[in-house]
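Me: I am new to this structure. Can you show me how to read it, feature by feature?

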Amino acid sequence: MPKKNKNYYFTSVHEEAIIEYCSTDSREKREKLYINYIQPAFSEMVDKIIYTYKFTNIPNIDVLKEDCKVWLTTILSKYDPNRGSKAFSYFSVITKHWFIHQLKKNSTKIKREIAYEEIVKENQHEKLIYEDDSYVRERQKAEFWYHLKGEIERWSDSNLFLKDNEKKVIKAVGILLENVQDIDILNKKAVYLYLREMTGLKTKQIVNTLNKMRTRYKFFVLKYDRGDKL
């Protein structure tokens with residue numbers, strides 16, 4: 001197994017750990033994978049989902065949170081990567097609906113005791129939970145960018161781009177990706193302007209390298225979508 005990444009709590013490392021966990025019958029191996037990789041990822045994921053979808057208002061949420069983490073362990077081996085769903089998406093959706101079920105169970109118990117205004121608020125809350133998948137989308141987007149930056153770093157260290165101009169462009173693209181949140185990039189022209197300023201190259205020279213990178217990028221996306229090891 002590769003080293004754990006400290007900045008992302010559910011990366012390809014954890015995906016691989018779950019797949020490996022599901023493919024082995026060794027109790028010792030499963031315990032090591034769960035303790036070192038899977039349990040920390042599940043714990044962080046459950047906490048984030050509770051906060052994002054405002055499940056914090058459910059009575060006994062701290063107890064339910066721990067119950068959910070235990071329950072995820074019991075269904076862990078049911079995950080099948082061949083169905084095309086990444087482990088994060090699969091378990092985050094399951095976790096979300098587990099808490100929705102708990103919310104409904106709690107709502108049924110107190111429905112007769114709450115005011116009409118509270119029922120309206122509750123219905124709005126459930127609508128938000130069902131329709132707002134922003135947490136999953138944002139996590140998937142962050143994961144994609146994380147792997148793309150890693151891929152570009154590997155290009156820089158490989159023999160794919162040997163010319164000085166190519167190396168300059170790759171380095172500049174990497175810097176842009178590292179600071180994408182802080183840079184006001186409105187359109188393609190703005191990107192070329194940044195790259196020209198950072199590399200000192202002409203647009204045509206930059207385009208030649210970007211076209212080469214685009215071909216590599218297509219292979220990267222194909223592997224990423226298939227769930228291949230990156």
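Reply: Start with contacts. A contact means heavy atoms within 4.5 Å. Take Phe91 as the case. Leaving out residues up to four places away in sequence, Phe91 touches Ile18, Phe42, Met45, Leu72, Ile75, Leu76 and Tyr79. Keep in mind that this is a predicted model.

Me: Is Phe91 buried or exposed?

Reply: Buried means under 20% relative accessible area. Phe91 has 0% relative accessibility, so Phe91 counts as buried. Across the protein chain, 37% of the 230 residues count as buried.

Me: What is the secondary structure of the protein chain?

Reply: The protein chain has nine helices and zero strands. Along the sequence the pattern reads α-α-α-α-α-α-α-α-α.

Me: How do I read one helix?

Reply: An α-helix has 3.6 residues a turn, so residues three or four places apart point the same way. Now look at helix α1, residues 12–23. Its 12 residues reach 16 Å from the first C-alpha to the last, close to the 16 Å expected. Among the buried residues of α1 are His14, Ile18 and Tyr21.

Me: Which residues touch the most other members of the largest nonpolar core?

Reply: That core has 33 residues, and Ile18, Ile38, Phe42, Phe55, Leu72, Phe91 and Phe99 touch the most other members. The elements that give two or more residues to this core are α1, α2, α3 and α4. Helix α2 gives the most, with 10 residues. There is also a second, separate core of 19 residues, which includes Leu148, Val169, Val173 and Ile206.

Me: How do I describe two aromatic rings together?

Reply: A pair of aromatic rings is described by the distance of the centres and the angle of the planes. This model has nine aromatic pairs. In one of them, the ring centres of Phe55 and Phe99 are 5.4 Å apart and the planes are at 25 degrees, so the pair is stacked. The pair links distant parts of the chain. Phe55 is in the loop between α2 (27–52) and α3 (61–75), while Phe99 is in helix α4 (residues 87–110), 44 residues apart. Both Phe55 and Phe99 are buried.

Me: Why is the pair of Tyr90 and Phe91 edge-to-face?

Reply: The ring centres are 4.9 Å apart and the planes are at 90 degrees. Tyr90 is partly exposed, with a relative accessible area of 26%.

Me: Which residues form one aromatic cluster?

Reply: Tyr53, Phe55, Trp71, Trp98 and Phe99 form it.

Me: Is Val70 buried or exposed?

Reply: Val70 lies in helix α3. Its relative accessibility is 56%, so Val70 counts as exposed. Its C-alpha is separated by 9.7 Å from that of Phe42, which is 28 residues away along the chain.

Me: Where does the pLDDT fall below 50?

Reply: Where pLDDT is low, the predicted coordinates should not be read in detail. The chain averages a pLDDT of 77, and 74% of the residues score at least 70. Over residues 1–7 the pLDDT is below 50, and this stretch has 14 contacts in the model beyond near neighbours in sequence. Over residues 110–131 the pLDDT also stays under 50. The model has 21 contacts for that stretch beyond four places in sequence.

Note on methods: Residues numbered from 1 in each chain as written. Predicted model: local features only at pLDDT ≥ 70, side-chain atom pairs only at ≥ 80, totals over all residues. Heavy atoms only, no water. Helix = DSSP H or I, 4+ residues; strand = E, 2+ residues; numbered from the N terminus. Expected span 1.5 Å × (residues − 1). Buried < 20%, exposed > 50% of the residue type's maximum accessible area, 1.4 Å probe, protein only. pLDDT = per-residue confidence, 0-100. Phe/Tyr/Trp six-rings, centres within 6.5 Å; stacked < 30°, edge-to-face > 60°. Core = buried A, V, L, I, M, F, W, Y, C linked by side-chain atoms within 4.5 Å.
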